[in-house]
Amino acid sequence: TGSGASTYTWQPGNLSGASVSDNPASGTTYTVTGTDANGCVNTSTVSVAVNPVPTVSASATPGTICAGSNITLTGSGASTYNWMPGNISGSPATDTPLSTTTYTVSGTDVNGCSGTATVAVTVNPAPNVSASASASGICLGSSVNLTASGATSYLWQPVNQSGSAITDTPSATTTYTVTGTDATGCSGSDTVSVSVYLQPTITISGTSPICPGNSVTLTANGGTSYLWQPGNQTTSSITDTPSSATTYSVTGTDISGCSNTATFTVNIDTPPSTPSIIVNGATLTSSVTGSSYQWFLNGNPIAGATGQSYTATQTGSYTVEVYDTAGCGSGQSSAVVDPTGIAGTTTDNSGLSVTPNPNDGHFVLTFSSAKPENYVIEIHNMLGQVVYSEKLDNFSGDYHKDIDLSVYGRGVYSIRLRSENHETVIKTITY
């Protein structure tokens, strides 16, 4: 800029004007010639020092990355640095480019002079890795096949197995993560979950042992569908008549498709052997010992007659059947007919009779004598002991007397009527 004249000429450059602009390549002394309105001329000089532009360089480490990785940008040749894009300051500086990028750095030195440089960073995309399982849910103890795609090599966790296809047998529900790496060394990952279902608890309820020839019903629980062996039946309950000890198995499947198996053995009971009846007066005893008994009169069960022994109270045909703890019967014994002897000894020629017979210990004893005789009446219990006696001297006519044996308990009693010429015996039963 010149002053003090009307027109100005600058050298070097032959520039005109009070104020001029120039780009000197190096330090330069400018001379200005000023002319006033009178045509008078004068000159002046000014020196301009020119500082060199700094030589700036840029580098990136690494120069090739996978998407999502960081790089370090480094500039040199200046004092301060600014990187674009990103408006990042400093050296070194860090950035995470999403795609291939060319960075420009502006470096300024201590004189305020600036230089620039560029550096390119290649960003490789992460591979699109996908994972799949042969089943989303499996039963405990089963295996699952896992498959990955989208890369060139794979690592599966938590099993730490390598390969695009692997097999595992998880013991619990598991989420698998596969990391796939492509040819550029870039990695991607995906997950797949496999549920593990417990096998159902299958049970069988039924009866064992059973009596020969009887049927048994077995019922399975714990599943939603069933398959029985032997027989191939698919109902929850089955009925069978095994001829020998048989082990049944059922495979039950639940709503998850998981299965388990239970077994049940049905044994065939050996019933008691067919008894015979031991007769002691009116007391009848089964010759075979069992868990329970049933006595029959004329083929009909006698209510309450369930002990090993039974005292007969009336004429008829008696049998007994013996049962074991499984309820299996021996079959009825051969019959004992009229063990009381009442049917054939209730009366005789003397007309000796008991009314009623059987009785509760109270009865009426009667007989008739056509001519006078001396009589002795004796009543004996089953042990032969005399429980009642009476003498009738020179007796004739009708005898009629109420007798009470209730104090002696139930049983079979023998009534004897003796005279000089004959003896008559009848039996009565008290209950």
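Colleague: Why is Cys113 called buried?

Modeller: In this predicted model, Cys113 has a relative accessible area of 18%. Buried means under 20%, so Cys113 counts as buried.

Colleague: And what makes Cys40 partly exposed?

Modeller: Cys40 comes out at 45% relative accessibility.

Colleague: Now the bonds. How do you know that Cys66 and Cys186 form a disulfide?

Modeller: Their sulfur atoms are 2.0 Å apart, and the cut-off is within 2.5 Å. The pair links distant parts of the chain, with Cys66 in strand β6 and Cys186 in the loop between β19 and β20, 120 residues apart.

Colleague: Why is the disulfide of Cys66 and Cys186 called left-handed?

Modeller: The torsion about its S-S bond is about -95 degrees, so it is left-handed.

Colleague: Are its two cysteines buried or exposed?

Modeller: Cys66 is buried because its relative accessibility is 18%, and Cys186 is buried because its value is 0%; the limit is under 20%.

Colleague: What makes Cys139 and Cys258 a disulfide?

Modeller: The S to S distance is 2.1 Å, which again is set against within 2.5 Å.

Colleague: Which parts of the chain does the pair Cys211 and Cys328 tie together?

Modeller: Cys211 lies in the loop between β21 and β22 and Cys328 in the loop between β32 and β33, so the parts tied together are 117 residues apart in sequence. The sulfur atoms of Cys211 and Cys328 are 2.0 Å apart, and both residues are buried.

Colleague: How many disulfides does that rule give?

Modeller: Three. With the bonded cysteines numbered in sequence order, the pairing is 1-3, 2-5, 4-6.

Definitions and conventions. Residues numbered from 1 in each chain as written. Predicted model: local features only at pLDDT ≥ 70, side-chain atom pairs only at ≥ 80, totals over all residues. Heavy atoms only, no water. Helix = DSSP H or I, 4+ residues; strand = E, 2+ residues; numbered from the N terminus. Buried < 20%, exposed > 50% of the residue type's maximum accessible area, 1.4 Å probe, protein only.
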